Amino acid sequence: MAVYPNLVSRSGFWPILLLVLLSILTAQRVEAKGSPSGPVPVEVGLRLHQIVEINQKKKNFTAVISIKARWKDPLLAYDPSEDTGIKMLSKKAFKALTLKKGTRFPAVVIYNQQGNRHSHNSLILITPAGEVNFLEHFTVVLQAPHFDFRHFPFDTQLFEIHLDSMFPEGHFVFKKLAGYTTIGGELGEEEWLVTGFSNRITSTTDTIGVAGPRFTLAFTAKRHAVYYLTKIFIPVALIIIVSWFTFFLKDYSKRIDLAGANLLLFIAFNFTIAHELPKLGYITFLDAFLVSTFIITSVVVLINVQLKRLQNLGRDRVAEAIDRYMLWVYPLIYFIIMIITIITFLGG
């Protein structure tokens, strides 16, 4: 107990008392200015207005987006009698104001952005109470690493926009801005149909190396399959039917000519549609469909050549027996191969 009286001795009591009083006064002054005692909640929202382009080969998409954010900073409050109405500032003027007031603003970055962001317009409004409303409308190219074309052209793809804070969670936290985040009704992308969207707030270390808030707008879109049905699948089906019809001819020489011409037609058709297909390091459903058709069409040529060879060797009865089987074996084999392809690529 002899230690405690030393703390309040003549030499030590007054400095400690003075230090406590200064701490109380400083705390009251900071509170009077409105300095936040914890992380500032920032209401954030994203709105997708238009999909300009979806680049399958580069795995990115170009979109027109709006960001809206709202937060309150008492250090930015002002007397409305000194400044009539609501302050309307540019981004440059707002940054200068925050620097002058000794405060910070919730700077953000789009994590999956590629290249520059082309801003169309931006607006910052500050109310006398210090409430800040930020809005920016811009066009940006965004990475889409989740693209998977194994079901192409019956694929559904995931698109995401990640908005990350440049400050840790100890400074700012994100909250959803009610009623703002949405997907436009007319996105301008004819090939794709948006099937749903969602938004979420998570924590990530990807941008600044420590935990910071992330706002994500995600949406799924599926491809309009009518184009591929009319431009690819129906023409290929006709090629297969024509190949089958050759088995009704009794002249094997004419069969070879027709089957060969049909094969050349399919090769030319394949080259024509090649620029429509994504160049990938794996096989898609359409790749498997076209390769299967190519193999079957080639086999038809080989069968007819073999039948002609048997006829030349005087083995007409063997050739006719094989021919009768091929009338129903050929469509059956093609049907089985297509079923296996559909189950393999579209079943999962």
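Is T98 buried or exposed? In this predicted model, residues are numbered from 1 along each chain as its sequence is written, and side-chain values use heavy atoms, with hydrogens and water left out. Local features require pLDDT of at least 70 and side-chain atom pairs count only at pLDDT 80 or more, whereas totals for chains, interfaces and linings use all residues.

T98 is buried, its relative accessible area being 3% (buried, under 20% relative accessible area; exposed, over 50%; partly exposed, in between; 1.4 Å probe, protein chains only). The residue belongs to helix α3, residues 91-101 (helices are DSSP runs of H or I with at least four residues, strands are runs of E with at least two, and both are numbered from the N terminus). With residues up to four places away in sequence not counted, T98 touches L76, T103 and F105 (contact, heavy atoms within 4.5 Å).

Aromatic pairs were assigned to rings of Phe, Tyr and Trp (its six-membered ring) with centres within 6.5 Å, planes under 30 degrees apart being stacked, over 60 edge-to-face and the rest tilted. In one of them, W71 and F94 are arranged edge-to-face, at 6.1 Å centre to centre and with 75 degrees between the planes. Because W71 lies in strand β2 (residues 60-72) and F94 in helix α3, this pair ties together parts that are 23 residues apart in sequence. W71 is buried at a relative accessible area of 7%, and F94 is also buried, at 3%. The rings of F159 and F219 are stacked, because their centres are 4.8 Å apart and their planes lie at 5 degrees. That pair links distant parts of the chain, with F159 in strand β7 (residues 156-165) and F219 in strand β11 (residues 212-223), 60 residues apart.

Helix α4 (residues 226-245) and helix α7 (residues 316-346) have axes that come within 10 Å and cross at roughly 160 degrees (axes are lines fitted to C-alpha atoms over the stretch in contact, with angles from 0 to 180 degrees between N-to-C directions). The contact involves V236, I240, S243 and W244 in α4 and L327, Y330, P331 and Y334 in α7.
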